[in-house]
Amino acid sequence: MKIIVWIETRNGQVKTASLEALGTARTLAEADSGEVIAVICGPSGVMAATSAATAGAHRIIVREGDPLSDAIADGIANELVAVISEESADVVICAATTTGKEVSALAAGSMGTSVAADCISVTCQDDSIHIERPIFAGKAHLQQKICQSPAVISLRPNYGERLEREAATVTEQDATSPSPIRRTGFQAGALEKRDLSEADIIVSGGRGLKEAENFVLLEQLAEVLQAAVGASRAVVDAGWRPHCDQVGQTGKTVSPKLYFAIGISGAIQHLAGMSSSRTIVAINKDPNAPIFNVATYGIVGDLFEVVPQLQSELKSVLQ
Amino acid sequence: MKIAVCMKRVPDTATRLTFSAEGKSIDTSEVQWVISPYDEYAIEEGLRLRERAGEGTVTVITVGPEAASKEIRQALGMGVDDGIQATCDEPLDPIQTARALAAILSQRSDDIVLFGKQSTDSQGAQVGALVARLLERPFVNDIAAIEIDQGKARIERDVDGGRETIEGPLPIIVGADKSLNEPRYPKLKDIMQAKKKPIEKVVAAAGEASLQTIAVTAPPPRPEGRIVGEGPEAVEELIRLLREEAKAI
């Protein structure tokens with residue numbers, strides 16, 4: 001089995017979710033003496049290759065050059081498709097980040113197949129790849145068998161296991177397949193935000209915060225925990241938080257190791273987006289709030305008293 | 001300007017799901033169907049592009065069973081000019097859906113095709129991209145703003161760390177994000193008029209599936225949680241549990 005993993009980089013840094021995808025690929029490959037080839041596209045690819053070298057790939061291919069300057073997913077997918085064809089890969093795995101979903105879908109389209117998208121489990125049974133993925137934002141789980149080659153898979157962040165293996169060999173290749181569509185500008189946001197869908201810890205707030213300004217309490221808590229800040233649909237619709245912060249069925253589906261739901265009652269569409277988090281902490285003044293049905297640990301109380309206390313105690317414990 | 005919007009009907013996000021007896025699908029008999037929320041942004045943007053251009057048509061296209069024409073009527077009520085339905089009673093996998101849409105789109109000459117960035121049921125975020133590759137057109141997902149001028153699309157979207165601007169030639173295919181617009185509510189007069197607008201029906205040209213469903217099940221239940229305590233006094237115990245029991249911090 002020949003498995004290609006697309007490695008996502010940002011400013012020359014390899015995304016953690018891509019290292020998890022490499023680990024998953026390696027585990028599959030080791031079960032049938034297969035090979036894992038990591039593909040890195042774009043500037044500073046060689047630098048990124050160094051930091052991904054021992055994460056499970058046998059070989060790393062770096063595609064660089066003019067067609068990839070200012071490329072977005074469309075151009076990256078072209079290079080990935082070129083490598084998939086040259087290597088006659090059986091399986092293609094991307095991390096299911098925002099860009100990873102787009103790159104995997106475009107690559108799959110070029111191969112005339114579907115993506116098994118946002119999987120939480122990938123196994124090989126009787127020479128076929130079987131996957132499991134949440135659908136309806138986690139209200140249901142779907143198990144499928146992939147019956148076309150190459151199998152194209154995206155893997156949900158925080159679900160793969162990072163491995164440590166021998167160093168891969170690195171080959172540099174020229175990018176060959178320009179896309180007519182390019183990034184022409186970039187405006188940096190005011191704050192360097194942590195991406196919700198890849199975060200280890202998320203601190204989310206709802207209507208219980210009473211007004212937009214009070215989110216500063218959550219931001220301070222998030223700072224102590226190195227967490228991303230999320231929000232319920234109600235406060236996004238009220239304009240307190242940008243839509244990209246929304247967790248739920250019409251926002252982001254997240255699976256962090258630790259999720260704080262603060263002043264969130266737990267509407268079904270919010271629960272759907274976060275209930276696969278490993279540990280859930282709910283802080284709410286209403287002891288009957290549905291959020292307590294999914295919470296690992298709950299505190300019933302006034303968030304304006306509990307959260308500052310939590311922040312200051314965590315600060316002294318974690319430092 | 002010729003505009004196509006591809007949409008899907010999905011169970012309303014407030015729906016509690018039940019599972020069919022054979023364990024391979026959702027029991028849809030009690031489901032309340034709606035236009036997938038992100039597709040509503042796509043429809044609204046199609047209408048706004050037509051309005052800004054001062055001319056043109058917006059066609060909505062869906063793949064689904066006969067009953068899905070109800071959601072086409074709803075889009076027509078928002079101001080869409082006409083509808084096309086590729087009928088299919090069996091559930092399709094993403095590439096099958098994409099083939100059915102591409103078969104229709106390849107017979108047309110749209111300047112732009114809009115999708116929602118993902119459906120809220122299967123959430124694969126892929127059919128727009130698959131169609132783009134089948135038709136060999138450029139694709140951008142998650143768009144937050146779009147302008148069309150002199151045969152080019154200028155697009156903005158929110159990415160890690162900021163907002164990027166993208167340019168590409170027409171015809172182009174895009175996926176709408178929530179920040180794109182605020183969809184309009186159909187007016188009663190428009191809903192009445194929508195009844196007279198045409199819906200063309202074709203049989204979906206789906207081909208073979210690449211994904212075979214083995215089971216659809218309820219997610220594994222979460223282990224029973226507990227209330228740690230009340231008020232700020234409970235914080236110390238919570239932190240102990242997070243460190244020693246959950247090993248989460």
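**Entry 1: the domains of chain A**

I kept in mind that this is a predicted model. I looked up the domain assignment of chain A and found domain 1 at 2–174 and domain 2 at 196–318. Their centres, taken over C-alpha atoms, are 31 Å apart. Next I checked how they touch: 14 residues of domain 1 of chain A are in contact with 12 residues of domain 2 of chain A. On the domain 1 side of that contact I noted six nonpolar, five polar and three charged residues.

**Entry 2: two helices of chain A**

How do helix 5 and helix 9 of chain A pack? I found helix 5 at residues 215–225 and helix 9 at residues 303–318, with an angle of about 15° and axes 9 Å apart. Angles under 35 degrees count as roughly parallel, so helix 5 of chain A is roughly parallel to helix 9 of chain A. I also wrote down that their crossing is left-handed.

Then I looked at who meets whom. Helix 5 of chain A brings residues including Leu217(A), Leu221(A) and Val224(A), while helix 9 of chain A brings, among others, Val307(A), Leu310(A) and Leu314(A). By class, the residues of this contact are nine nonpolar, two polar and one charged.

**Entry 3: where chain B meets chain A**

Here I noted 68 residues of chain B in contact with 76 residues of chain A. Which element of chain B gives the most to its side of the contact? That is strand 10 of chain B, with eight residues. Other elements supplying at least two residues each include helix 3 (94–105) and helix 6 (235–245) of chain B. The chain B side has 34 nonpolar, 19 polar and 15 charged residues.

Strand 13 of chain A (residues 182–188) runs antiparallel to strand 10 of chain B, and six bridges join them. One bridge I picked out pairs Phe186(A) with Glu164(B). Strand 10 of chain B also pairs with strand 9 of chain B (residues 152–159), antiparallel again, over eight bridges. There, Arg157(B) stands opposite Glu164(B).

Technical notes
Residues numbered from 1 in each chain as written. Chains lettered and ligands numbered in written order. Predicted model: local features only at pLDDT ≥ 70, side-chain atom pairs only at ≥ 80, totals over all residues. Domains from an automatic or database assignment. Contact = placed C-beta atoms within 7 Å. Nonpolar A, V, L, I, M, F, W, Y, C, P; charged D, E, K, R; others polar. Axes fitted to C-alpha atoms, helices over the stretch in contact; angles between N-to-C directions. Helix = DSSP H or I, 4+ residues; strand = E, 2+ residues; numbered from the N terminus. Parallel < 35°, antiparallel > 145°, perpendicular 65-115°, else oblique. Left-handed = near helix turned anticlockwise from the far one by under 90°. Pairing = 2+ DSSP bridges.
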